[in-house]
Amino acid sequence: MNNLKTKTLKGVLWNSFGTLGGGITGFIATIVLARLLSPAHFGVLELMMIFIYIADTFVDSGFSQVLIADKKAGKRDYTSVFYVNLSIALFVYLILYFVSPALSHYFNIPDFHLYARVTFIAIILNSLSLIQNTIYTKEMRFREISIATFLATLIAGIIAIYLAYVGWGIWALVANYVLIAFLKTLFLWVQSSWLPKGFIALSSIRKYFKSGSNLLVQGISDKIATNLESFLIGKHYSSDVLGCFSQARKINAYSTQTLVSIVQRVTFPALATIESEKQLLSAYRKVLRLTMFVVVPLSSFLIVVAPTFITVLLGKKWLGVAPFLQLWSFCSLLVAFYSIFVNIFLVKNETKRLLRLSLMRQALRVLAILIFVRYSIELLIVGLIMVTLFSAIQYCTQGGKLISYSLKKVGADIFATVISAIIASLVTYIVTIFLLPHLSPIISLCLQTMIISAIYILGCYLLRNPAFYEFVEVTRKITH
């Protein structure tokens, strides 16, 4: 058990370095590029990303998660999945290559097909490193993934900024994305000792198809529903509006969703090895407490300071991002909450039940998008928040039953965190209204940060929040 804790802690550290390091590097590159380019450029990139997200999920076909869970996976299994992934990637790219002119006509963007054909090359590049990612994740060797992610993001970001500076426009964003995919794949192959040997074994593919197909359907439905709003916004609104919308979602992803991604990737292989039900419940309670201890105040912070934050970060021409960011931050808080319970279904191999919940959630999401997209984007996001709240309750109740984690226990675990964050946010909001308008944006942002942080920490201390002491313990272990 101690060995597992050590491996998990190291996994969190290296995964944090790769995800946060790569995320911060990419975030800085995005800030610089946003000042050099227009919201419309980012809007066009967002439209291309819709198809890449769906394609990447289809290429993976759920095999990577099943391989991670399979303790007996061998070289023949990895080789078979590798060739299947690559074959699907090539097939998908060819389809997108030939339909891109039709997409250009649909979105009324004359050169969209030219940008898309180059950007979609990343689909093939991503497929080439899926097995390396799977092996490193399964063995909890996040160091290799982290180094590859950080270096790829750094080098690609520098090149993209230079291209934007010399006037390449949207091609700078295209180059940034394709270079990240190419360099990350290159670095993973250089570090890895694994090479495909032999050919596809049908027995291996059949072995993983049943569970993998459930995850595939869930993944594709998730990506389609998640990106449907961008697809329809690109049709009904201008590229500038879509650019602000996508930037809000991207900034939100760099903050709360980055942490959730780290937690999910590290805890899944770690918790999958725990056989004791009592230990599994204890581990999940601690994961939820620690995750919400960080995510709740971070989301609250973005909700309160969004206008000041955007002004300092991107400039006044991007102020349209602020209302979208506030709404997305609340939505992502709910996503972070239920994402913890998703891993319970995976660890318990309840992929069918997870699929049913996912399809229900995405059906409601699509319905909300189709109803509200014509009225306003703000109303659309509010509709998505309501769907996410309902879904979070379902994941929590059904996933919790699998490990005897009741709603009462869940409420007790996050009560002090939520109350402390609400009080800190209200105080900061009041100060923002009456005092900060007379100060410069930078000074205002610094004061807002200090106020909400100090009151939140004080609240957790006074309420004896167990997550506070667990966070201190984890921090002490990391620093020592």
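Helix H12 passes helix H16 in a right-handed crossing. A crossing is right-handed if the near helix is turned clockwise from the far one by less than a right angle, and left-handed if it is turned anticlockwise. Helices are DSSP runs of H or I with at least four residues, strands are runs of E with at least two, and both are numbered from the N terminus. H12 covers residues 277-313 and H16 covers residues 407-434. The model is predicted, so local features need pLDDT of at least 70, side-chain atom pairs count only at pLDDT 80 or more, and totals for chains, interfaces and linings use all residues. Residues are numbered from 1 along each chain as its sequence is written, and side-chain values use heavy atoms, with hydrogens and water left out.

Two packed helices are described by the angle between their axes and the distance between the axes. The axes are lines fitted to C-alpha atoms, for helices over the stretch in contact, and the angles run from 0 to 180 degrees between N-to-C directions. For H12 and H16 the angle is about 15 degrees and the axes are 9 Å apart. The two helices are therefore roughly parallel to each other. Angles under 35 degrees count as roughly parallel, over 145 as roughly antiparallel, 65 to 115 as roughly perpendicular, and the rest as oblique.

Which residues of H12 and H16 meet? On the H12 side they include Leu281, Arg285, Met292 and Val304, and on the H16 side they include Lys409, Asp413, Ala421 and Thr432. Contact here means heavy atoms within 4.5 Å. The residues of this contact divide into 12 nonpolar, five polar and four charged. In this scheme Ala, Val, Leu, Ile, Met, Phe, Trp, Tyr, Cys and Pro count as nonpolar, Asp, Glu, Lys and Arg as charged, and the others, Gly among them, as polar.

H12 also packs against helix H13, residues 321-347, at an angle of about 170 degrees and with the axes 8 Å apart. That angle makes H12 roughly antiparallel to H13. The contact of H12 with H13 has 24 nonpolar residues, six polar residues and no charged residues.

Another partner of H12 is H17, and their axes come within 10 Å and cross at roughly 165 degrees. H12 and H17 are therefore roughly antiparallel to each other, and their crossing is right-handed. Among the residues in the contact are Phe293, Pro297 and Phe309 of H12, together with Ile442, Gln448 and Tyr456 of H17. By class, this contact has 12 nonpolar, six polar and no charged residues. Phe293, Pro297 and Ser300 of H12 are listed in the contact with H16 and also in the contact with H17.

Tyrosine 284 lies in H12. Is this residue buried or exposed? With a relative accessible area of 2%, tyrosine 284 is buried. Buried means under 20% relative accessible area, exposed means over 50%, and partly exposed lies in between, with a 1.4 Å probe and protein chains only. The C-alpha atoms of tyrosine 284 and isoleucine 403 are separated by 9.0 Å, although the two residues are 119 residues apart along the chain.

Other pairs link positions that are separated in sequence. Glycine 43, in helix H2 (residues 39-60), is buried at 0% relative accessibility. Glycine 43 and glycine 243 are 200 residues apart in sequence, and their C-alpha atoms are 3.7 Å apart in space. Leaving out residues up to four places away in sequence, glycine 43 touches Ser239, Leu242 and Gly243. Tyrosine 254, in helix H11 (residues 239-271), is partly exposed at 25% relative accessibility. The C-alpha atom of tyrosine 254 is 7.5 Å from that of isoleucine 24, at 230 residues along the chain.

Two loop residues come next. Most residues other than glycine have a negative phi. Serine 404 has a positive phi, near 60 degrees. Serine 404 sits in the loop between helix H15 (377-402) and H16, and at 51% relative accessibility counts as exposed. Arginine 464 has a positive phi of about 50 degrees. Its place is in the loop between helix H17 (441-462) and helix H18 (466-479), and a relative accessible area of 64% makes arginine 464 exposed.

Across the protein there are 18 helices and zero strands, and buried residues make up 54% of the 480 residues.
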